[in-house]
Number of protein chains: 2
Amino acid sequence: MHLSISEENYIKAIFHLQEADGTVSTNQLAANIHTKPASVTDMLKKLTAKRLLLYKPYQGVRLSSEGRKLALEIVRKHRLWESFLVDKLQFGWDEVHEVAEELEHISSKKLVDKLDQFLGNPKFDPHGDPIPDSNGVMHAIRQVNLLDLKPHTKAEVCSVGSQSPELLELLKHKQILIGTRLEVQHKFEFDHSLEIQVEGKGKINISQQLAQALFVKII
Amino acid sequence: MHLSISEENYIKAIFHLQEADGTVSTNQLAANIHTKPASVTDMLKKLTAKRLLLYKPYQGVRLSSEGRKLALEIVRKHRLWESFLVDKLQFGWDEVHEVAEELEHISSKKLVDKLDQFLGNPKFDPHGDPIPDSNGVMHAIRQVNLLDLKPHTKAEVCSVGSQSPELLELLKHKQILIGTRLEVQHKFEFDHSLEIQVEGKGKINISQQLAQALFVKII
DNA sequence: AAAAATATTTAGATTTGTCTAAAAATATTT
DNA sequence: AAATATTTTTAGACAAATCTAAATATTTTT
Ligand SMILES: [Mn+2]
Ligand SMILES: [Mn+2]
Ligand SMILES: [Mn+2]
Ligand SMILES: [Mn+2]
């Protein structure tokens, strides 16, 4: 099954969007992929004909098992390349997403597996997201949104909810990285902001919007 | 100047073909790029409009200085990725060309320069071809075709004239690599074949066709 | 249960890169 | 210098991926 770069981008977007809702709407997909709904409908028909999607007109779309398998291959490549860029080429973790968006479409299976090996078979990418293995098995880590973390519980930042440059800039400024250890001190009802104790640093305040974008694992 | 993958492939092909003749014909290009002459004419017009080519209908084409600059960037990426695959990922030097054909189109300038640095700024790729630096400067090595090597002169294989799998298979079988040292013992007038003394090995025979595909530097 | 609003699909056009077949230009042979 | 062969360009078609505008289906509000 050979897919074009566009087709791969659609498959990957559906994969990510359906994590949340189970099923993905035409408009959601159009917004995510920066195209118009009419274009999405065309592509959904094409990918359905290739048996990669389960699609009922007007009723949204999901990946077929074949589609899911392909999506996992693309996600695997994306996250391995991100790891390569950060671990080997000294990119910042906030600079790698765009480049990986291109590299994920390189098709050589051998390349991916050799790269995986070269990197020491990493389990998580620089943003803390899990990397599927060569069989498409991806172990989800137990991670909790920072908003849902119980106060006075030690936890470690393990992923971020978006790769927007604005978010990453803010994290850089607050010196919050993947692996940063912290503990919620207070939750403020008024604006849902948090006071956080960062290990080795002082107390800082985090807005609701920022907390929502941070995922931690309890340690 | 943003180019599509197709446009980049044309620019690169013209670069390689004009090394020999100075000017490149429509048919030559069509054969090289596995497309039809009519398609080539269309693309030549488009790239000429972008000021990357010097093209007179019916009279062949050359790269403009702008086109040459872009070609060198693509060649740089191709050869750096080949070096990466061989040096870091343990690919055989006969397996890398196709993958590099895809990787050469990744656009990040930062990626290329970081990769160059990561590899230790190599001057030659696994086939012995010189790698342009980030300013597009490429130092040609003084290399001689094996057919033109004077008998009883020690030399070292430093590049091959094609990356065809058939050629590379033959070289593997004869245990000839980049860096192999050898000396011509006899030249046979009848079929222009050569008897070669390979350092550390015995004498072997090499056909005219094979000798033509091998370039050596005198040591 | 209508009416209104929203979401989705269809229809028709556009761009890019390719093709085949035919026409025109150039090169080679007689 | 014609005639012939070869090369190159033009003309017209097509598939992929996108768009806008219009039609249709679904959902929400009244
Ligand atoms: Mn992508
Ligand atoms: Mn990531
Ligand atoms: Mn290429
Ligand atoms: Mn090479």
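Student: What spacing do the donors of the manganese ion (ligand 4) follow along the chain?
Tutor: The spacing is E-x42-D-x1-H. Keep in mind as we go that this is a predicted model.

Student: Okay, and which residues coordinate that manganese ion (ligand 4)?
Tutor: B:Glu82 through OE, B:Asp125 through OD and B:His127 through ND1, at 2.1 to 2.4 Å. B:Glu82 sits in helix H4 of chain B, while B:Asp125 is in the loop between H6 and strand E3 (144-145) of chain B, so the pair ties together parts that are 43 residues apart in sequence.

Student: Are B:Glu82 and B:Asp125 buried or exposed?
Tutor: Both B:Glu82 and B:Asp125 are buried.

Student: Now chain A. Where is A:Asp125 found?
Tutor: In the loop between helix H6 (109-118) and strand E3 (144-145) of chain A. A:Asp125 counts as buried because its relative accessibility is 6%, and the cut-off for buried is under 20%.

Student: What does the side chain of A:Asp125 reach?
Tutor: The backbone nitrogen of A:His127, at 2.7 Å. If you leave aside neighbours within four places in sequence, A:Asp125 is in contact with A:Arg79, A:Glu82, A:Ser83 and A:Ile131.

Student: Back to chain B. What coordinates the manganese ion (ligand 3)?
Tutor: That ion has B:Asn9 (OD1), B:Glu104 (OE) and B:His105 (NE2), plus B:Glu101 through both O and OE, at 2.1 to 2.7 Å. In sequence, the donor residues are spaced N-x91-E-x2-E-H.

Student: How exposed is B:Glu101?
Tutor: Partly exposed, with a relative accessible area of 26%. B:Glu104, on the other hand, counts as buried at 0% relative accessibility.

Student: Which side chain meets B:Glu104 in a salt bridge?
Tutor: That of B:Lys12, at 2.9 Å, N to O. The pair links distant parts of the chain: B:Lys12 is in helix H1 of chain B and B:Glu104 is in the loop between H5 and H6 of chain B, 92 residues apart. B:Lys12 is buried too, with a relative accessible area of 8%. So B:Glu104 both coordinates the manganese ion (ligand 3) and takes part in a salt bridge with B:Lys12, while being buried at 0%.

Student: How many salt bridges does the structure hold over all chains?
Tutor: It holds 22. One of them is formed by the side chains of B:Lys46 and B:Glu7, at 3.7 Å, N to O. There the link runs from helix H3 (residues 37-49) of chain B, where B:Lys46 lies, to helix H1 (residues 5-21) of chain B, where B:Glu7 lies, and the two are 39 residues apart.

Student: Is B:Lys46 buried or partly exposed?
Tutor: B:Lys46 counts as partly exposed, at 41% relative accessibility.

Student: What about B:Asp116, which residue does it form a salt bridge with?
Tutor: B:Arg76, with the closest N and O atoms 3.2 Å apart. B:Asp116 lies in helix H6 of chain B and B:Arg76 in helix H4 of chain B, so this pair ties together parts 40 residues apart in sequence. Relative accessibility is 10% for B:Asp116, which counts as buried, and 4% for B:Arg76, also buried. Over in chain A, A:Arg76, A:Lys109, A:Asp113 and A:Asp116 are linked in a network of salt bridges.

Student: Let's switch to the interface. How many residues of chain B are in contact with chain A?
Tutor: There are 20 from chain B, in contact with 20 residues of chain A. The area buried between the two chains is about 1,700 Å², and carbon and sulfur atoms give 72% of that.

Student: And how many salt bridges go across the interface of chain B and chain A?
Tutor: The rule finds 2. One of them pairs B:Lys110 with A:Glu95, their closest N and O atoms being 2.7 Å apart. There are also 4 residue pairs in polar contact across the interface.

Student: Which elements give two or more residues to chain B's side?
Tutor: Helix H4 (65-87), helix H5 (97-103) and helix H6 (109-118) of chain B. H6(B) gives the largest share, 5 residues. By class, chain B's side has 11 nonpolar, 4 polar and 5 charged residues.

Notes: Residues numbered from 1 in each chain as written. Chains lettered and ligands numbered in written order. Predicted model: local features only at pLDDT ≥ 70, side-chain atom pairs only at ≥ 80, totals over all residues. Heavy atoms only, no water. Donors = N, O, S within 2.8 Å, 3.2 Å for Na, K, Ca; no water. Buried < 20%, exposed > 50% of the residue type's maximum accessible area, 1.4 Å probe, protein only. Helix = DSSP H or I, 4+ residues; strand = E, 2+ residues; numbered from the N terminus. Polar contact = N/O pair within 3.5 Å; in protein donor to acceptor, adjacent residues only side chain to side chain. Contact = heavy atoms within 4.5 Å. Buried area = accessible area lost by both parts, 1.4 Å probe. Salt bridge = Lys/Arg side-chain N within 4 Å of Asp/Glu carboxyl O. Nonpolar A, V, L, I, M, F, W, Y, C, P; charged D, E, K, R; others polar.
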